[in-house]
Amino acid sequence: MRFLVGLLIACCGWFGSATAAQDADRLARVAGDALYWHLDNGRGRQAFEMMPKGGDIHTHLRGAIYAETWLEWAAEDGLCADMNVPELRFKERATCEESGWITAAEAQSVEFYRYELINALSTRSYVPTNGWSGHNQFFGTFAKIAAKPQRLGDQLAAVAERAGRQNILYLELMETILLPQLFPLVADVKMTGDAATDYQALMASPFGAKLDELTENIQLQFAYAKTRKREVLGCDTPSPKVGCDVEIRFLHQVVRSFEPAMVYAQIILGWSVMEKASEVVGLNLVAPEDGFIALRDYTQHMRMIDHLYQARGPQNISLHAGELALGLVRPRQLRFHIRQAIETGHAKRIGHGVAIAFEDNHEQLLEKMVAEDILVEINLTSNDTILGISGPDHPIVLYRDMEVPYTISTDDEGVSRIDLTHEYMRLARTYQVPYFEIRQASRNSLTYSFLNGDSLWTSDECQADLGAGRDPGNKCQQLLDKSDKARLQWKLEQRFKIFESNMKVPERKLNSFN
């Protein structure tokens, strides 16, 4: 009798779980159909904005700020505008006028100047002309930005609030905190090209002597910025803004367009910061991949990373690789960047990966990415603007066919005048990706993030709880308590549950056109 009761309980429990899973699957299918209905009927923006998006894990903080915001801050902080370029500038003399410019406040108040600056600090109104490409416009914006270091917290508040309004849970922001301070510290260091020898030379230099101080400086700046972000968003008030709920981590951003000593010093500093600052969860190399030094020293940069990986211990690496196109560079420079990023640079994620089809033995490389679970960060608008690659020519078609894990990201949403909602809409419109795959791309942004802890999907108990539609059991809760990644993944699944329960095709009233 006891056996029969146990059998009935087991059967009914299994049946209940199966029914819950079937109901969830049915709701998801209905929601997917409704999402595309909204897209086709002028309601796509609202629907995709409500759709949970996990995180944006390929986004540059400086490039995420809109031009109007830079101009507002410049005006408030007494900066100048050089309208001959045009660009924002710090005073070189007592006043902007004595420096030969106008005030940023004046530039903001005069519509013509304001329009000119917005266009210069972004790709708005950009039209290709002879000798000036989308690539030039895009990368040319960054040198025209000027802001006080104290605005770092304001930047975090701006991107967090924008993310929160789009149902985004997490941002992994690339940012370079210290750069000018490093130049005098490495000026006299002689490099040999051997990563081990050059590491010792840098550690024996003034840079090495100041490494701990530089690391502490970065930690202090992040601490101040986080406090400022909470202040701007009112996170400790009775009416906090939605951006307060968005979690943020950082990738140490290395500018690779300098001579080897400077690049290596930045990488070493990144390793030190990652070892000591919990909010800095990974490292990436940035600046145009087709630049003279970036091309010349690409392999050397990978060896620098490899040496630190072996000598000081593994860290999370995501690398811009294959952000190239035929015509932008010579064919031979398209054949090895992604492979070296993975095999020498230890990249767990590849940013852009547009040149994958040009890589030597590219199908084997794609299979390697699948086997080693290496994600590609897809930036559709950025690739279109910078490289002229879009539609069926974009390698997302190839990555999807080979089942390489991918997620959707913005790259530089302020410069491109977009947001993550826009990119998911572009994915759906251009490639007619099934809703379940869109949802998986959203999930991937957290699964492949560098948040600490094990993934939710490694736990059979958590998956069973999700499938049954119940609260986390004891074993699952233990994982959620110790893993930031699993905790946010669980939160994402609950948001998908709400979204899929509510996303329907609206009933239409009969009218004279029916």
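A crossover is termed right-handed if, with the strands pointing away from the viewer, the path from the first strand over the helix to the second runs clockwise. Helices (H or I, at least four residues) and strands (E, at least two) are DSSP runs numbered from the N terminus. The model is predicted: local features need pLDDT of at least 70, side-chain atom pairs count only at pLDDT 80 or more, and totals for chains, interfaces and linings use all residues. Residues are numbered from 1 along each chain as its sequence is written, and side-chain values use heavy atoms, with hydrogens and water left out.

Strand E8 (residues 318-321), helix H15 (residues 337-343) and strand E9 form a right-handed β-α-β unit. Strands are taken to pair if DSSP finds at least two bridges between them; E8 and E9 (residues 349-352) do so in the parallel sense over 4 bridges. Within this pairing, Leu319 has Ile350 of E9 as its bridge partner. E9 also pairs with strand E10 (residues 375-378), in the parallel sense and over 3 bridges, where Ile350 stands opposite Val376. The chain passes from E9 to E10 through helix H16 (residues 362-371), and this β-α-β crossover is right-handed.

Most residues other than glycine have a negative phi, and most peptide bonds are trans. Val85 and Pro86 are joined by a cis peptide bond, with omega about -10 degrees; Pro86 lies in the loop between strands E2 (80-82) and E3 (87-89). Glu403, in the loop between helix H18 (396-401) and strand E11 (406-408), has a positive phi of about 65 degrees. Asp411, in the loop between E11 and helix H19 (413-416), has a positive phi near 75 degrees. Buried denotes under 20% relative accessible area, exposed over 50% and partly exposed in between (1.4 Å probe, protein chains only). Glu403 is exposed at 64% relative accessibility, whereas Asp411 is buried at 2%.
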